[in-house]
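This report looks at chain contacts, domains and strand pairing. Keep the sequence and the structure in view while reading.

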Amino acid sequence: MTQNNRLNGGQIDRNTTLNFNFDGKKYTGHPGDTLASALLANNVRLMGRSFKYHRPRGPLTAGSEEPNAIVELRSGARQEPNTRATTAELFDGLAAKSQNRWPSLAFDAMAINDRFSNFLTAGFYYKTFMWPAAFWEKIYEPIIRKAAGLGSLSMQADPDEYDKGFRHCDLLIIGAGPAGLNAALIAGRSGAEVILADEDFRMGGRLNAETFAVADLAGADWAAQTVAELSAMPNVRLMPRTTVIGAFDHGIYGAVERITDHLATSPTGKPRQILWRIYAKQTVLCAGATERPIAFENNDRPGIMLAASMRSYANRWATTPAQRVAIFTNNDDGHRTAQDLHAKGVKIAAVIDTRPDAPSSMDYEVLQGAQVADTKGRLGLTFVEVARADGTNRTIECGALGVSGGWNPNVQLTCHQRGRPIWKEELAAFVPGGTLPPYMSVAGAAVGTFSTHGALKSGADAVRKALGLKGRAPAVPQAEDAPVNQTPFWYVTGCSRAWLDQQNDVTVKDVKLSHQEGFRSVEHLKRYTTLGMATDQGKTSNMGGLAIMAELAGKSIPEVGTTIFRPPYTPTAIGTLAGRMRGKEFHPTRLTPSHFWAKERGAVFVEVGNWLRAQWFPLPGETHWRQSVDREVLATRSSVGVCDCTTLGKIDVQGTDAATFLNKVYCNGFAKLAVGKTRYGLMLREDGIALDDGTAARLAEDQFVVTTTTANAARVYQHMEFVRQCLMPQADVQLISTTEAWAQYAVAGPNSRKLLQKIVDAEFDISNEGFPFMACANITVCGGLRARLFRISFSGELAFEIAVPSRYGDALMRKLMAEGEEFDVTAYGTEALGVMRIEKGHAAGNELNGTTTALNLGMGRMVSKAKDSIGSKLAERPGLNEPDALMQVGLRPVNKDDKVTAGGHLMNTNGPVDAAHDQGYVTSAAFSPTLGSMIGLGFLKDGGNRNGETLRLVSPVTNLTVEVEVVSAHFVDPEGERVRA
Amino acid sequence: MRYSGFKVIKEALTGHKGWLPAWRDPEPKAHYDIVIIGGGGHGLATAHYLASVYGQHRVAVIEKGWIGGGNVGRNTTIIRSNYLLDGNEPFYEFSLKLWEGLEQDLNYNAMVSQRGIMNLIHSDAQRDAFVRRGNAMILNGADAELLSEAQIRQEYPFLNFDDARFPIKGGLAQRRGGTVRHDAVAWGYARAADSRGVDIIQNCEVTGFRVENGKCLGVETSRGFIGAGRVGCAVAGNSSRLMAKAGMRLPIESHVLQAFVSEGLKPVLPGVITFGAGHFYVSQSDKGGLVFGGDIDGYNSYAQRGNLPVVEDVCEGGMAIMPMIGRARLLRMWGGIMDMSMDGSPIIDRTHIDGLYFNGGWCYGGFKATPASGYAFAHLLARDEPHETATAYRFDRFRTGHMIDEKGMGNQPNLH
Amino acid sequence: MIINHPLLGPRDSAEFVYLGTANLMDRPDPDTATPEDWHDYAYLRDNPAGPHRELWFHEGGDRSILIVTRDTTTHEISSVELARNSGAQA
């Protein structure tokens, strides 16, 4: 197909032809085109369907404010719904589909809604679909949902990469129109670090769309020359294709740079888009203005567009939506479109100007004091019906109508910190004002300075002020300086099906109904009618709705208010905001030093926070995880096992007040702990609830090594820093996390000492006498490697934990396994660790669940009354000390083969099974190979006095009811003889 | 005026001339039996139940801006009763039951849609906790279902099962959970309350309380003094500011929570999904937008807007669990002020001032509570005793040590 | 947000962990405080709409805890100091 509507001139590269297809039909265009401009050049006006009524739609604009021409771009996993054809750069092979229509764009069955529009008015759904009650979800809603939405997702993982980065600058200039470019020139020449960002792929803003001259050059040429000068400045960074999406606190801006969207295929290694966090000391917003439409009957047909956008298509993209066009305007700007298109050979059917004194033209007819009363054309405009000043009507044939109702400054970014724009009567528009985000100023059309000269000067002034530049202001380049004549004209009297929000199908009639039903504040209007909630965020629709509401309510527009503009400025791909943090990279993965050794051994790993830990080590022939875990437990309890416990938090506490400090953070006493001894410690939060438990080993008078649980390592460290810096700032104590510095292994089982004796250097006595239970020491192993040895036990066996500098962790593990061969040493994972700690009745994460006290944990007496510690006072509250408080107990199934389920609730054997009769719950459960049945730990009301009682364990969510017996939580070696052996 | 399909058709055929304002715009009277401060979901629901259940008709709702302009107008629309603790679960289950009959009660279609909510499980410890929670729900008369990974794969095949940093190991579903058209909740309650004589007074800001001899006699407002037999405060994120006028310090901090909506997309998500290993939950509205959110920003704020780190964090969670949304676009983000309490659970209670009552501390979970909160607060205001489902929501629970701490995070509100 | 660390200069707030009101530094005297004092300390908050003294822990940095005075209505930060220099008692 040929490009019938191509005009002369423009900023497209006619030497190269690009092939593309839309809805399966082939077309051609040129580099520099957008999808919309290329389609228009091919005489395609119909590009989409509206949301509710499925009305045929063509582009309303030529930019990112586009509500209508939105398509599904690309195919397969790269299918991109709701893409604005007006900003999508054309590339060779581009394929796009129209959306929200069935079976085709030209014939859409859902357009039947348009026939019933009288029933589908604003808010109709709130008033019906209520009877019978069940029908809403079964019948009505599925139909509504099926019709919902615009474009569709591919349902496949997005194959592209996204990236993020930080940038810093003295001055961020947002928008590279005349104001932004001139601002950047002055800032660049001053030597400041400048970033100039513009959403367009070609900098210049409206200079590219107008025929004005700047400094004796065509505007577009001046822009190109300025961009060239700026790009030669090392202190200026030009960021085209970059949309500043949000103004956040303290001068931080979010910006999205599109790297490969304009290419058919992404070069390998290039991200599709980058989210930049720009830290700007000062910002000048030069975001320009958006033309506003006029509402009239059937103003939404393809071919009806904003007049300045029509001019952009003609001047920049050398295309016209039709060969015969009309203009409907209330200001001089509309006439510019007529002049420019006329100059390019497009037939101007008429300029319909609402002003009785509108300027006339030699080149085309101007209908003064006239208004568009209606339009015709099913899939595209064919005629406009004009009501003339003399009361007569006239039908004008045309394929396109440019509409101009004046301009609205793009104030969006000034509102992101909840600043409200202020109403400027002489512009009949909102301009930035009130509270701007700190360090932001606004220039050019964005502040209501619409002339080219005004914009150039305003950009210069803003930069000089922002950077505090002294001296004489440089001359402003010569440019047109037409006065602004903007008088409000929002809608043609008497219109009803006149669209305000074209995407969401909100008409003047809906606003009237909203007013009639009392939804009169701007927020109610928006929510009741969905005005301004489409993908364009109301950039072309909000003002019209507001103005009509103001008139109906007998108020001024500022009295009705303006909705708050929120980030992002234009819709932003979720993938971009996520960056690389997806898939396996969603969170960092922490590996212990012996991870690769465990991998060699075929370990199964499990995520524990960000850590990966070996869960068990299957041996050949083991087909079920229980076989491996049972073996690991039994082997450890009968001989010796080794477990990687590097992930436990480790905190070095040093200073003359170290003991005093620990006395404060642990509820039990530490002041008198002897050097060379380790003690179990329970930490409470200030509210008296257990925070964490672990051990503190006194390696020297002024040095302790504290361990925390894996899960709470960061929080405990933070808590200890709070106590140190905020509650005991005078104390001589220092903390440092050494979790990553030391690899640590539990060596447990009756042969653990024998195994360790093979590697611990001979001068260190680790016999029971020389190194009794709870001893600790700095030692050396393997001929001089420094190590820390703790005689502590989580398994309940004779056990040690040995720590070596991280880089020796892998070697130590291999050494232990090699030296342990004679004892049939077993590596065990977190499952066996868990089984053994349950068998021993040790609390862990499931018990330290943030609601349990020392009393609940059976450690009530540990809370020292002799000293003050964090949490000890609030732990005394009556609610935490009730006579029947939950106490940790052990649970065994009455029938040995029954299952015990963590999360099950405990009920008395007789009586109702419901929440009111709840006796407690099971926190942890495991199969105990030692006992030959499942066992559990749980919290039971008055559990300390119910040993031997039979209860029902109920878990309706897993369909389980079994009888369990309350037993001591110390299933194995209750006297603790083994740990002391 | 009753709403119905018949009425909609009749009006459509007669030019929509018969629709009346959904509620009146009355001048405040000199005195009411009960004045409720706050025209949000909770305040309006309170008024409705006061009038419809407790026979109170001399009631006013005072709102400083426009009704429904706070959190009921900006939330992620989820309803559910999947709570763990006995202090909470009966209350939220009561709320869910009220949601189930809401449209008929109000004669307003708030589009209560029980398409289910699913909390994903990613670790054994999480499964243990969800089993306990599911059991607590069932024992309290709610519904809960534990799903295997295979079952979830069948229902939601597009979730990230193959390349996940934290694999999906199961889920806890509540089929009766779902979503509601949030604005319609405020409007429906307002209209229903108004029809029973409740005065809804917008653009009327409370500037102080008139307290004499330990008794609250009414409120000073920007439109003059309004006398009241009893005054109930339901102002969510502004609770501390308001109650300071009565000399109270609250166990509450105000924090910002951001929420997000995508451009309209053809339906992909039937129900609500909560990612258990990141900060992300999502549903899809009847208009097609993915409505999603995550954690609060984490610092005290009244600014009703958040910052980029949390935006990124939430989108990372989204991409981690649903990598097919990468090319969907975030359309709008917004922030609301959350009245974060010290244990994550709300307060519906008397104050030390006779005749002054308080409802707040809803954290980020107030929307789903709207009906029960209104009901229980109406009960308290009308009878001066707590509703049976809200007996635990007392001010003094922190004094006595009866916290209701679902998450187990203690007295640090930003962690709830 | 950007927090101007007294030792390290301007840092992104994402490097920090928020710990809550700076009043948490005024822990009651365990020898004299009443249960009511403990309740008020642990549970009641001024929660002002305006300047708020609060604690930020530089977890991703030098691990200092800073007292930041920040307006909760605008997020504007008016002062930053090291908690350990603020004169609290040992």
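How many residues lie between strand 37 of chain A and strand 38 of chain A in the hairpin that they form? There are 2 residues between them. The model is predicted.

Strand 37 of chain A spans residues 690-700. Of its 11 residues, 10 are buried, so strand 37 of chain A is largely enclosed by the rest of the structure. The cut-off for burial is 20 or more other C-beta atoms within 10 Å of a residue's own.

Strand 37 of chain A pairs with strand 36 (residues 678-684) of chain A. The two run antiparallel and are joined by 7 bridges. They form a hairpin with 5 residues between them. In that turn, Gly688(A) has a positive phi of about 90°. Strand 37 of chain A also pairs with strand 38 (residues 703-708) of chain A, in the antiparallel sense, over 4 bridges.

## Domains of chain A

Chain A is divided into domain 1 (18-109), domain 2 (302-405), domain 3 (648-738 + 853-877) and domain 4 (882-980). Taken over C-alpha atoms, the centres of domain 1 and domain 4 of chain A are separated by 65 Å.

## Chain B against chain A

Here 87 residues of chain B are in contact with 91 residues of chain A. Several elements of chain B give two or more residues to this side, including helix 1 (5-13), helix 5 (124-139), helix 7 (182-195), strand 12 (252-264) and helix 9 (308-321). Helix 5 of chain B gives the most, with 10 residues. The side of chain B that touches chain A divides into 39 nonpolar, 27 polar and 21 charged residues.

Strand pairing also crosses between these chains. Strand 31 (residues 572-573) of chain A and strand 16 of chain B run antiparallel, joined by 2 bridges. Ala573(A) stands opposite Arg329(B) in strand 16 of chain B.

## Chain C against chain A

Chain C has 20 residues in contact with 18 residues of chain A. Three elements of chain C each supply at least two residues of this side: strand 3 (17-21), helix 1 (35-43) and strand 4 (51-57). The residues of the side of chain C that touches chain A divide into 15 nonpolar, 1 polar and 4 charged.

Technical notes:
Residues numbered from 1 in each chain as written. Chains lettered and ligands numbered in written order. Predicted model: local features only at pLDDT ≥ 70, side-chain atom pairs only at ≥ 80, totals over all residues. Contact = placed C-beta atoms within 7 Å. Nonpolar A, V, L, I, M, F, W, Y, C, P; charged D, E, K, R; others polar. Pairing = 2+ DSSP bridges. Domains from an automatic or database assignment. Buried ≥ 20, exposed ≤ 12 C-beta atoms within 10 Å, placed from the backbone.
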